[in-house]
Protein chains: 2
Amino acid sequence: MAKAHHTRFDCSPGCSVEAAIGLIDGKWKSVILFHLLDGTLRFNEIRRQIPAVTQRMLTNQLRELEADGLITRKVYAQVPPKVEYSLSPLGLTIKPILTALKAWGDENIGLYGKPKQTATDLQAASIPA
Amino acid sequence: MAKAHHTRFDCSPGCSVEAAIGLIDGKWKSVILFHLLDGTLRFNEIRRQIPAVTQRMLTNQLRELEADGLITRKVYAQVPPKVEYSLSPLGLTIKPILTALKAWGDENIGLYGKPKQTATDLQAASIPA
DNA sequence: CAGGATCCGGGCGGATACTG
DNA sequence: CAGTATCCGCCCGGATCCTG
């Protein structure tokens, strides 16, 4: 797992959840993977899709994703350099998670990063107590 | 968002993914939420479910989850103290994500935290290139 | 274009001690 | 039981400069 961001998990039932999260957390990984769902992207293309990421971090996260086998890095021997990133077969399998995240985010989060409905709102709306 | 672990996200398409992840990352949150799927738990019950977490971290993460409206904290005025944590209505809505994570983890990760099949394996198995 | 190298501060998170 | 308080090391991640 590259550098083991989560130090370690001694397994209890929820272990695989932890492990799964371990692969897609890391501040930018999920967003990167999400954008790669649309297809292959070059380095600076990803940067443009995620303006807030620094090139250092982008390189880092891409390296870790590659080390974890989630993405594939293809280098073209030419100048100026051209490097393409795409989801590996394993990476493709996390699509359900990403779309679930996206769906949930779209549903429950405003554009400001704040939950748009509070627990109380939802209580009144859907759940009968 | 409590203390804004992810500083901020200036929104591009994948923003809501980032935002969603922002709520469930934080080293232990996903596991905590996952265990709360089974129902209400007391503080030390959660600790026992997640041996690797320290009480400091557990308190932290619980506070953040509460601030984000994902869990509910119920304090019983009695001694010795009794505090129960449970998923809020909003928290319940992330169940699909958690189960997706669990499913993916169970499927693709061994008990050691390493992906059990490499990209190459999967390539040979399913995808024709 | 796609990075590598270095410097550096902030905060995440562990360990320990104390409390209502 | 369910925390709070404090100290502190580590490394995450930003900023900047350099390269094939």
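User: Hi! Which residues come nearest to DNA strand C?

Analyst: Hello! This is a predicted model, and in it A:Arg42, A:Arg73, A:Tyr85, B:Arg56 and B:Met57 come nearest, out of 18 residues around DNA strand C.

User: Which base atom does B:Arg56 meet?

Analyst: A base nitrogen: a polar side-chain atom of B:Arg56 lies 2.2 Å from it. On the phosphate side, an N or O atom in the side chain of A:Tyr85 is 2.4 Å from a phosphate oxygen of DNA strand C, and for the side chain of A:Arg63 the distance to a phosphate oxygen is 3.0 Å.

User: Which elements give two or more residues to that surface?

Analyst: From chain A, helix H3 (43-49), H4 and S3 do, and from chain B, H4 does. By class, the residues near DNA strand C are 7 nonpolar, 4 polar and 7 charged.

User: OK, now the other strand. Which residues come nearest to DNA strand D?

Analyst: There, A:Arg56, A:Met57, B:Arg42, B:Arg73 and B:Tyr85 come nearest, among 18 residues around DNA strand D. Of the DNA strand D atoms that come within 4 Å of the protein, 68% belong to sugar and phosphate.

User: How far is the side chain of B:Arg42 from a phosphate oxygen of DNA strand D?

Analyst: An N or O atom of the B:Arg42 side chain is 2.8 Å from a phosphate oxygen. From chain A, a polar side-chain atom of A:Thr54 lies 3.2 Å from a phosphate oxygen of DNA strand D. B:Pro81 uses its backbone: an N or O atom there lies 3.5 Å from a sugar or linking oxygen.

User: What order do the strands of the chain A sheet have?

Analyst: The order is S1-S3-S2, in an open sheet of 3 strands with antiparallel pairing. Strand S1 (41-42) and strand S2 (71-76) are at the edges with a single partner strand each, so one side of each has no neighbour in the sheet.

User: How many bridges join S1(A) to S3 of chain A?

Analyst: There are 2 bridges, and the two strands run antiparallel. A:Arg42 stands opposite A:Glu84 in S3(A).

User: And what packs on the sheet?

Analyst: Helix H2 of chain A touches S1, S2 and S3, and its direction is at about 95 degrees to that of S3(A). H4(A) also lies across S2 and S3 of chain A, at about 115 degrees to S2(A).

User: Last topic: which residues does a cis peptide bond join?

Analyst: In chain A, one joins A:Val79 and A:Pro80, with omega about 5 degrees, and A:Pro80 is in the loop between S2 and S3. In chain B, another joins B:Val79 and B:Pro80, with omega about 5 degrees. Most peptide bonds are trans.

User: What is phi of A:Lys27?

Analyst: Near 65 degrees, a positive value in a residue other than glycine. A:Lys27 is in the loop between H1 and H2 of chain A.

How values were computed: Residues numbered from 1 in each chain as written. Chains lettered and ligands numbered in written order. Predicted model: local features only at pLDDT ≥ 70, side-chain atom pairs only at ≥ 80, totals over all residues. Heavy atoms only, no water. Near = heavy atom within 4 Å. Polar contact = N/O pair within 3.5 Å; in protein donor to acceptor, adjacent residues only side chain to side chain. Pairing = 2+ DSSP bridges. Helix = DSSP H or I, 4+ residues; strand = E, 2+ residues; numbered from the N terminus. Contact = heavy atoms within 4.5 Å. Axes fitted to C-alpha atoms, helices over the stretch in contact; angles between N-to-C directions. Nonpolar A, V, L, I, M, F, W, Y, C, P; charged D, E, K, R; others polar.
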